[in-house]
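Dear colleague,

I am handing over the structure below, together with an account of what was found in it. Please read the account with the sequence and the model open side by side.

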Amino acid sequence: MMEIRRTSGGIIRTPAVLMGVAWLLMAVCGGCAHKAPAKLTIPVTYAEKGKAEGHFWPDPSLKSVFERYWAARLQGDSDTAFEMEAPYFQEMIPKGLYKNYVKNARNNEWLGMELVNLIQDPAYFVELSMRLTYKGRKMRPGTVFMKDRWVEVEGQWYHVLRDRLIFPAVSETG
Amino acid sequence: MKRLAVLALLMSVVLASVANAADAPLFVAEGFVVTQEDVNRLRDCYEGGALGMAMFSSEAEYRKKALDLRLLSGEAVAQGLDEGANEGLDTDDPFFQEKRMLRLSKRYINHLIKTYPVSDRVILSYYRANPERYGASPLNDTVREEVRMKVAVAKQKSIQEAEIDRLMTKYHVQTVSETRK
């Protein structure tokens, strides 16, 4: 199960809270139909002191794909983001469902992304932790902590989207 | 006396129209016709609990289900999947045909799922994206088949709908009536 933690609280696993966070992520992703820029336009920082971005990423192509993917997600560009999801996801999940997942409300604003940690194990699978800061309409800025996963297939990195509530068929673990 | 004659005449007209409505073909295809009576029987079957819980409410849904059952069960027979299809069914059961069609349809859908092709790239990506589950297992034939089934089952609805579309073309299904909705 995706582990989500607010900076001010403990680990939260209840479906209602997960649903809320899923909505929040959908909301902040916006719903614009235009193509996203190739790079993130929000500030990206690295949590570990002394660990510059050059040392954070095990593969420069992963960094590039990561930035393109999240730029698309933040802009609500579901077409671009969908093509960057893992091949099995593209096969199993109807694009329309994904579009709704990505597009939803667009009244929130991403303020920044902090990359906390990255684990590569095995070589073709990467799990990184990150904090996303947002500001919703009439809301104070908040932070969500999330894990983001990537898989390498035939020399190409793809995003691994797990969400047991929205995409249960592709979200089992263990 | 005159009143009785008029009443009898009216009743015969009504009965005749009901009979005609029941016999009215809704879908005409190569080799079979789906009538309003077929749809009525299917509805009775579901609403009486003979086929499990009723999943439909509108006339249109029952019509579609009646056509789907006919297409899928017919294809099951055409592909030789009907061996032992009557086992455990009572041939005197008024809903024998509906139960048999449902059974054959399920067999055919299962057949579609079991034979649905999934690319190596899709299988590899699923395997690699779930190291918690497969990390210790090599990507052997057993794992490949497990993943292929997962993908096919997840796509069951779209596989089924695509097959129904194919069968409608194959059997030249034409919709005759759109009156009762």
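**The core and the interface**

Leaving aside its neighbours within four places in sequence, Ala86(A) is in contact with Val151(A), Tyr158(A), His159(A) and Val160(A) of its own chain, and with Ser125(B) and Ala129(B) of the other; two residues are taken to be in contact if their C-beta atoms, placed from the backbone, lie within 7 Å. Before going further, please note that this is a predicted model, in which local features need pLDDT of at least 70 and side-chain atom pairs count only at pLDDT 80 or more, whereas totals for chains, interfaces and linings use all residues. Residues are numbered from 1 along each chain as its sequence is written, and chains are lettered from A and ligands numbered from 1 in the order in which they are written.

Ala86(A) belongs to the largest nonpolar core, which has 38 residues, and it is named with Tyr88(A), Phe89(A), Ile123(B) and Tyr126(B) as touching the most other members. A nonpolar core here is a set of buried Ala, Val, Leu, Ile, Met, Phe, Trp, Tyr and Cys residues joined through C-beta atoms within 7 Å; a residue is buried if 20 or more other C-beta atoms lie within 10 Å of its own, exposed if 12 or fewer, and partly exposed in between, with C-beta atoms placed from the backbone. Apart from that core lies another, of 20 residues, among them Val39(B), Tyr46(B), Leu69(B) and Leu104(B). In soluble globular proteins, nonpolar side chains tend to be buried together.

As for the two chains, 16 residues of chain A are in contact with 15 residues of chain B. On the side of chain A that touches chain B, helix 5 (87-92), strand 6 (142-153) and strand 7 (156-160) each supply at least two residues, and helix 5 of chain A gives the most, with 4 residues. Helices (H or I, at least four residues) and strands (E, at least two) are DSSP runs, numbered from the N terminus. By class, this side of chain A has 12 nonpolar, 2 polar and 2 charged residues, where Ala, Val, Leu, Ile, Met, Phe, Trp, Tyr, Cys and Pro count as nonpolar, Asp, Glu, Lys and Arg as charged, and the others, Gly among them, as polar.

**Chain B: sheet and helices**

The secondary structure of chain B comes to 8 helices and 3 strands, and 24% of its 181 residues count as buried. The strands form an open sheet in the order 2-1-3, with antiparallel pairing, where two strands pair if DSSP finds at least two bridges between them. Strand 1 (residues 25-29) and strand 2 (residues 32-35) of chain B are joined over 4 bridges, with Phe32(B) as the bridge partner of Ala29(B). In the hairpin of these two strands of chain B, which has 2 residues between the strands, Gly31(B) takes a positive phi near 100°. On the other pairing, 2 bridges join strand 1 of chain B to strand 3 (residues 174-175) of chain B, and Val28(B) stands opposite Gln174(B).

Helix 2 of chain B and helix 3 of chain B pack at an angle of about 100°, with their axes 9 Å apart; axes are lines fitted to C-alpha atoms, for helices over the stretch in contact, and angles run from 0 to 180 degrees between N-to-C directions. The two helices of chain B are therefore roughly perpendicular to each other, since angles under 35 degrees count as roughly parallel, over 145 as roughly antiparallel, 65 to 115 as roughly perpendicular and the rest as oblique.

In chain A, strand 3 (residues 44-46) and strand 4 (residues 109-120) pair in the parallel sense over 3 bridges, whereas strand 4 and strand 5 (residues 125-135) of chain A run antiparallel and are joined by 10 bridges. Pro122(A) is found in the loop between strand 4 and strand 5 of chain A, and the peptide bond from Asp121(A) to Pro122(A) is cis, with omega near -5°.

**Two residues with positive phi**

Glu154(A) has a positive phi of about 50° although it is not a glycine, and its place is in the loop between strand 6 and strand 7 of chain A. His172(B), in the loop between helix 8 (156-170) and strand 3 of chain B, likewise has a positive phi of about 50° without being a glycine.

With kind regards
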